[in-house]
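Open the model in your viewer and keep the sequence panel beside it. The tour goes stop by stop.

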Amino acid sequence: MARISSKAASHKKLSKEMMRSVKRALKNAYAPYSKVSVAAALYCGSGRIHTGCNVENSSYSLTICAERVALFKAISEGEKRFVLLLIHSPQVDFILPCGACLQVLNEFAPDIVIATMNKKNEFHFHPLKALLVKPFKLHK
Ligand code: THU
């Protein structure tokens, strides 16, 4: 896992480290069924980057997305603040999180920004609030 000191967290340095992290995590994707590999890199308040990849299962619905793996890893390491989530798939340019991941992200990181990229390392940025306009809430 990479760490970026707050001083070094210039936009350029951060995006380079995030890209390195997401590409490293992609190698661990387990996607023999869909053949779509996905990785996520989550930049957290501590300055650390936690990564995740999708992990599929022959019982398809047990598959977990890269985004949730990264988020749950970070939470289990004690992270409380989530700043930026980069996701990447070589098979799907500018991949976006599924609805389930958006809902889970909203629980812990309603103000997070989601970055997505294509094969040419071009980025699009979306605030979670723009992708999930009306999240489910138990209480208003
Ligand atoms: N997947 C992710 O990991 N993240 C997404 O944002 C969308 C989909 C995974 C789940 C499954 O392993 C494969 O991509 C195809 O749906």
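Which residues does Leu85 touch, not counting those up to four places away in sequence? Select Leu85 and look for Ala40, Ala41, Leu42, Glu67, Leu105, Ile112, Val113, Ile114 and Ala115. Contact here means heavy atoms within 4.5 Å.

Before moving on, note that this is a predicted model: local features need pLDDT of at least 70, side-chain atom pairs count only at pLDDT 80 or more, and totals for chains, interfaces and linings use all residues. Residues are numbered from 1 along each chain as its sequence is written, and side-chain values use heavy atoms, with hydrogens and water left out.

**Stop 1: the cores**

Select Leu42, Phe82, Leu85, Ile112, Ile114 and Leu128. These have the most contacts inside the largest nonpolar core, which has 19 residues. A nonpolar core is a set of buried Ala, Val, Leu, Ile, Met, Phe, Trp, Tyr and Cys residues joined through side-chain atoms within 4.5 Å. Buried means under 20% relative accessible area, exposed over 50%, and partly exposed in between (1.4 Å probe, protein chains only). Now colour β2 (39–44), α2, β4 (82–88) and α3 (99–108): each supplies at least two residues of this core. Helices (H or I, at least four residues) and strands (E, at least two) are DSSP runs, numbered from the N terminus. The most comes from α2, with four residues. Another core lies apart, of 15 residues, including Met19, Val22, Ala39 and Leu84.

**Stop 2: Arg48 and its partners**

Select Arg48, in strand β3. Its salt bridge with Glu77 has the closest N and O atoms 3.4 Å apart. With Glu79, the closest N and O atoms are 4.0 Å apart. A salt bridge is a side-chain nitrogen of Lys or Arg within 4 Å of a carboxyl oxygen of Asp or Glu. Shared partners join Arg48, Glu77 and Glu79 into one network. Both Glu79 and Arg48 are buried, whereas Glu77 is partly exposed, at 47%.

**Stop 3: Lys129 and Asp111**

Here the closest N and O atoms of the salt bridge are 2.7 Å apart. Lys129 lies in helix α4 (residues 128–131) and Asp111 in the loop between α3 and β5 (113–117), so the pair ties together parts 18 residues apart in sequence. Asp111 is exposed, at 62%.

**Stop 4: the annotated loop**

Val55 sits in the loop between β3 (48–53) and α2 (66–76), and Tyr60 is found in the loop between β3 and α2. Val55 is partly exposed, at 35%; Tyr60 is exposed, at 60%.
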